[in-house]
Amino acid sequence: MRQILLVAPILIPLAACAITALLWQRPEVQRRIGVAAAALLFLSTLALLAEVVTGGMVVGQMGNWPAPFGITLVVDPLSAAMLVITGLMALAVAVYAMGPGAAERDRAGFQPLFHALVMGVAGAFSTGDLFNLYVWFEVMLIASFGLLVLDRTREQLDGGLRYVMLNLVGTTFFLLAVGLVYGLTGTLNLADLARVAPQVENQGALAAAAVLLLISFGAKAAVFPLFNWLPAAYHTASMPVAAIFAALLTKVGVYAIIRVFTLVFAHDQALFGPIIGVVAMLTMVVGVLGAAAHYDVRRILSFHIISQIGYMLVGVALMTPLALAGAVLYIVHHIVVKANLFLVAGAMQKVGGSFALAKLGGLWATRPLLGLMFLIPALSLAGIPPLSGFWGKLVVIRSGFEAEAWLLASVALAVGLLTLYSMVKIWNEAFWKAAPAEAAAHQPAPGEWGRMQRFATFAPIVALCAVTLTIGLWTEPFAAFSLAAAEALLDREAYIAAVLGTAPVQLAEAVR
Amino acid sequence: MEIALPLAIGVLVAAAAYLLMARDLPRGLLGFVLLGTAANLTIFAAGRIGTMTPPLVAPGAQALEAGAANPLPQALVLTAIVIGFGLASFALVLLRRAHAEFGSVMSEDMQEAEPPLAAAPPAEPAPTPPPARPRPVPAPAALREVV
């Protein structure tokens with residue numbers, strides 16, 4: 001049973017991708033299968049999480065090849081949490097994608113690509129092998145290329161090209177690093193690497209490979225100074241695509257950094273901790289300042305993705321249990337909130353007629369409920385109590401002060417304030433300001449804003465708001481889980497033992 | 001071989017870095033292909049070279065004989081080649097489509113997603129003219145409008 005649950009998050013999207021691709025001519029059926037598959041995925045990841053919480057780490061050797069030789073799937077508490085949140089996002093976006101514009105999107109092949117993307121993300125979260133991680137990155141990447149240019153507008157082609165070029169280079173660096181790591185250690189299994197890495201004689205070369213990995217994961221996570229592809233591309237994507245990108249893609253990069261640098265390169269923490277700390281700080285500042293300069297809802301939100309990545313990296317920079325717990329809590333909270341903000345932005349464009357703040361206005365008077373649904377994730381992003389972002393920020397900043405990283409913690413505090421500024425800017429312009437003439441005259445076309453479409457748009461928004469409120473008001477279990485996940489991350493011996501067994505098979509030493 | 005391989009990798013990475021910095025996007029794509037080749041050669045070299053014995057288990061034997069070649073890098077490189085080929089093909093199609101749409105493959109001719117001067121609601125501060133140019137004092141209103 002545990003083994004089935006372990007592979008389900010990969011197999012369910014794979015099946016959905018294949019079936020929807022076969023039903024190319026029947027978009028209606030595709031859509032239903034898409035939602036059903038996403039719901040099934042969410043349930044299976046919940047079951048997997050329960051299994052991990054009650055029975056500990058779930059490990060599976062694909063094809064029954066013993067550990068360092070075959071492909072290993074490992075789900076520890078962090079992976080399980082990431083998988084659950086992936087399932088939740090897949091479900092929310094699958095429902096949302098039934099809303100306005102569904103027909104055009106599905107004709108262009110949204111459903112198969114979407115499920116391929118989810119499969120890549122789920123694979124990256126559950127793999128225990130460095131080369132396999134590379135393969136899942138590529139699965140994710142190729143699906144995201146297709147999704148990004150789904151509407152084939154000029155804007156998307158331009159943004160898409162930039163996104164494609166920079167990400168291609170990023171993943172090639174990953175491949176280069178894989179080659180170097182294999183040459184130095186003779187293994188690519190993460191648990192085996194964790195065992196072998198401290199004994200490698202040529203630590204300098206290993207550190208070089210680690211830096212290459214940091215660059216490629218950093219490019220994926222959009223950290224300073226590798227973030228340029230994100231604001232060039234995300235705002236051009238259609239709204240469900242932007243939401244799933246914002247929720248999952250950068251977080252896979254963050255997850256990979258956390259996984260590899262807590263497990264494999266933990267012995268080099270004195271070298272990488274400060275580097276990641278500086279990167280985290282600059283990422284926070286640059287992202288939030290970029291957002292302050294923009295007046296398009298989608299662009300503001302895109303820049304905020306970057307700035308929030310910095311908070312998550314604080315955990316890896318400090319590597320204390322509390323800091324890592326903060327990172328875990330922050331990632332979970334951020335995925336929900338950020339995806340929700342993109343969904344709300346899509347709804348704002350539908351009822352207000354534009355993404356540009358100058359052309360929006362008066363939404364609070366006409367759509368107070370939409371305003372409320374914007375306020376919950378927006379204030380949560382800025383870290384206002386009692387919403388989920390407050391607790392994430394509290395733990396991250398407190399861990400910074402406890403580790404005496406004064407500058408890092410102070411920057412995190414200041415950036416929270418600037419985040420509030422951006423959110424208030426959207427609020428003032430889009431909701432409070434009197435509506436400009438064209439916005440007041442705008443009415444969504446009745447054909448694409450029927451009851452069904454409204455339900456598809458607002459059901460996921462309300463559900464994600466509820467999740468944000470739950471994390472905010474009933475934080476105890478989430479915080480406790482984050483701490484447990486952080487302790488599992490730091491307990492490398494347990495991870496190695498769970499994957500390799502107590503008497504690890506010695507890899508062909510001749511290779512080394 | 002031991003000298004030739006690192007030299008080849010080094011030359012490939014250098015050429016790739018040069019091409020990737022071009023504003024001409026097809027050149028950038030070629031740079032990616034070269035960089036991918038360099039990465040593949042790195043993996044190949046990482047598996048240790050120098051033996052010609054194929055990694056086949058003899059009939060009746062339980063394990064490879066000593067000195068057999070390492071088959072794993074071949075498998076990794078094969079996977080990486082297939083993936084790299086797929087990505088490069090997609091990028092090429094995208095580039096072709098962009099060329100049809102923009103009539104150019106230079107990155108500066110595609111400014112659709114991030115227009116150089118975004119029209120923001122509070123008037124953007126007029127960019128200060130380059131200091132080298134002598135500026136009439138006071139600046140005539142006509143010049144300001146042009147800027």
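Which hand does the crossing of α12(A) and α18(A) have? The crossing is left-handed, a crossing being left-handed if the near helix is turned anticlockwise from the far one by less than a right angle, and right-handed if clockwise. The structure is a predicted model, in which local features need pLDDT of at least 70, side-chain atom pairs count only at pLDDT 80 or more, and totals for chains, interfaces and linings use all residues. Residues are numbered from 1 along each chain as its sequence is written, chains are lettered from A in the order in which they are written, and side-chain values use heavy atoms, with hydrogens and water left out.

Helix α12 (residues 269-292) of chain A packs on α18(A) at an angle of about 20 degrees, with the axes 9 Å apart. Helices are DSSP runs (H or I, at least four residues) numbered from the N terminus; axes are lines fitted to C-alpha atoms over the stretch in contact, and angles run from 0 to 180 degrees between N-to-C directions. The two helices are therefore roughly parallel to each other, the term covering angles under 35 degrees, while angles over 145 count as roughly antiparallel. Contact (heavy atoms within 4.5 Å) involves residues of α12(A) including A:Gly277, A:Met281, A:Met284 and A:Val285, and residues of α18(A) including A:Leu407, A:Leu408, A:Val411 and A:Ala412. The residues of this contact divide into 14 nonpolar, three polar and one charged. Here Ala, Val, Leu, Ile, Met, Phe, Trp, Tyr, Cys and Pro count as nonpolar, Asp, Glu, Lys and Arg as charged, and the others, Gly among them, as polar.

Helix α18 (residues 406-432) of chain A also packs with helix α13 (residues 297-318) of chain A, at an angle of about 160 degrees and with the axes 11 Å apart. α13(A) and α18(A) are therefore roughly antiparallel to each other, and their crossing is left-handed. Among the residues in contact are A:Ile300, A:His304 and A:Tyr311 in α13(A), and A:Val415, A:Thr419 and A:Lys425 in α18(A). By class, this contact has eleven nonpolar, six polar and one charged residues.

The axes of helix α2 (residues 27-55) and helix α5 (residues 110-126) of chain A come within 10 Å and cross at roughly 15 degrees. These helices are therefore roughly parallel to each other, again with a left-handed crossing. A:Gln30, A:Arg31, A:Gly34, A:Ala37, A:Ala38 and A:Leu41 in α2(A) meet A:Gln111, A:Pro112, A:His115 and A:Val118 in α5(A). Five nonpolar, four polar and one charged residues make up this contact.

Between the chains, 42 residues from chain B and 39 residues from chain A are in contact. The buried area is about 3600 Å², of which carbon and sulfur atoms give 76%; buried area is the accessible area (1.4 Å probe) that two parts lose on being put together, summed over both. In chain B, B:Leu87, B:Leu94 and B:Ala113 lose the most area to chain A, together 16% of what that side buries. The count of salt bridges between the chains is zero, a salt bridge being a side-chain nitrogen of Lys or Arg within 4 Å of a carboxyl oxygen of Asp or Glu.

Most residues other than glycine have a negative phi, and most peptide bonds are trans. The bond from A:Phe224 to A:Pro225 is cis, with omega near -5 degrees, and A:Pro225 is found in the loop between α9 (203-221) and α10 (229-233) of chain A. The bond from A:Pro385 to A:Pro386 is likewise cis, with omega near 5 degrees; A:Pro386 lies in the loop between α16 (368-382) and α17 (388-402) of chain A.

Technical notes
Parallel < 35°, antiparallel > 145°, perpendicular 65-115°, else oblique.
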